[in-house]
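Here are my notes on the model you sent over, point by point. Have the coordinates open as you read.

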Amino acid sequence: MTITSTTVALDTVVEAGDGALVTVPSGGRLRIVDLHGNQAVDTLFYDAHDLENRYSAFDTIREQRAVFLTTGSRLVSTRLDELAVITDDTCGRHDTVGGACSQESNVIRYGEFTRHQHACRQTFLRYGAKAGIGQRQLTHNVNFFMNVPVTSTGGLTFEDGLSAPGKYVEITASRDLFVLISNCPQVNNPCNGWDPTPIQLLGRW
């Protein structure tokens with residue numbers, strides 16, 4: 001796989017259940033690669049100069065009049081600023097309504113036995129702390145590679161993923177960004193194929 005650019009600024013693997021905080025300058029491109037297939041990558045976007053100007057799923061869905069994200073989707077902030085655009089996508093569809101897993105939601109959905117399982121919310125807080133992102137700054141997220149169909153009655157279901165080994169999504173930053181990633185550790189539904197796996201991050205700027 002190649003990314004054509006004068007400078008490859010980032011090339012790293014994020015292990016299953018781990019995370020990353022990436023600073024992407026305006027105009028920079030960040031590619032997320034699903035190395036083994038069907039791995040959900042929960043991702044938050046922030047204006048690097050103003051954490052209150054952060055990604056809004058509501059506004060993004062309303063502005064593009066589509067529930068799912070793919071090539072051409074504009075990721076919009078709570079102030080209706082464009083944070084980034086999905087400029088390349090070999091998977092074809094990504095979720096932004098299913099939310100990120102937490103220990104509390106795991107207990108409600110799957111039972112008390114999940115209370116101490118690691119969850120995306122913990123990863124966000126661990127890596128976000130480096131940029132001053134705490135509980136009050138957590139926001140809506142994009143679930144790259146995750147398949148969450150919306151039923152005719154407005155309900156959500158968590159289904160087997162649509163991705164495959166080597167599929168990727170690439171975003172281009174419209175302003176300086178903090179991109180906060182949790183490589184989802186969920187094992188209680190099929191969003192990760194019941195077996196979380198590593199992803200690769202490739203950045204050029």
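1. A word on terms before the charges: I call it a salt bridge when a side-chain nitrogen of Lys or Arg lies within 4 Å of a carboxyl oxygen of Asp or Glu. On that basis, a search of the whole structure turns up 12 salt bridges. Do keep in mind that this is a predicted model.

2. Start with Arg-31 and Glu-170, whose side chains meet in a salt bridge at 2.8 Å, N to O. Arg-31 belongs to strand β3 and Glu-170 to strand β9, so to speak distant parts of the chain, 139 residues apart. Both residues are buried.

3. Arg-204 is buried, as is Glu-170.

4. How exposed are the partners in the Arg-79 and Asp-50 salt bridge? Arg-79 is partly exposed, with a relative accessible area of 46%, and Asp-50 is partly exposed as well, at 26%. Their side chains meet at 2.5 Å, N to O. Arg-79 is in the loop between β6 and β7 while Asp-50 is in strand β5 (residues 50–54), so the pair ties together parts that are 29 residues apart in sequence.

5. On to the rings. The whole structure has two aromatic pairs. Phe-45 and Phe-144 make an edge-to-face pair, with 6.4 Å centre to centre and 90 degrees between the planes. Because Phe-45 lies in strand β4 (residues 41–47) and Phe-144 in strand β8 (residues 142–144), the pair ties together parts 99 residues apart in sequence. Both Phe-45 and Phe-144 are buried, and together with Tyr-55 they form one aromatic cluster. Elsewhere, the charged end of Arg-93 sits over the ring of Phe-68, 4.1 Å from its centre.

6. Two buried residues deserve a click. Thr-123, in helix α3 (residues 120–128), counts as buried at 3% relative accessibility. Leaving aside neighbours within four places in sequence, its contacts are Gly-17, Asp-18, Gly-19, His-118, Ile-181 and Ser-182. Leu-10, in strand β1 (residues 8–14), has 19% relative accessibility and counts as buried, the cut-off being under 20%. With the neighbours within four places again left out, Leu-10 is in contact with residues including Val-22, Leu-30, Leu-201 and Trp-205.

7. For the surface, have a look at Val-67, Val-97, Val-150 and Leu-156: they form a nonpolar patch with about 260 Å² of accessible area together. Val-150 is located in the loop between β8 and β9 (167–173) and is partly exposed, with a relative accessible area of 38%.

8. Which backbone angles would I check? Asn-38 has a positive phi of about 60 degrees although it is not a glycine; you will find Asn-38 in the loop between β3 (29–34) and β4. Leu-80, not a glycine either, has a positive phi of about 70 degrees. Leu-80 sits in the loop between β6 (74–76) and β7 (82–89) and is partly exposed, with a relative accessible area of 44%.

Note on methods:
Residues numbered from 1 in each chain as written. Predicted model: local features only at pLDDT ≥ 70, side-chain atom pairs only at ≥ 80, totals over all residues. Heavy atoms only, no water. Phe/Tyr/Trp six-rings, centres within 6.5 Å; stacked < 30°, edge-to-face > 60°. Helix = DSSP H or I, 4+ residues; strand = E, 2+ residues; numbered from the N terminus. Buried < 20%, exposed > 50% of the residue type's maximum accessible area, 1.4 Å probe, protein only. Lys NZ or Arg CZ within 6 Å of the ring centre and 35° of its normal. Contact = heavy atoms within 4.5 Å. Patch = residues over 30% accessible without salt bridge, like charges linked within 9 Å, V, L, I, M, F, W, Y side chains within 5 Å. Areas by Shrake-Rupley, 256 points an atom, 1.4 Å probe, with all protein chains shown as cover.
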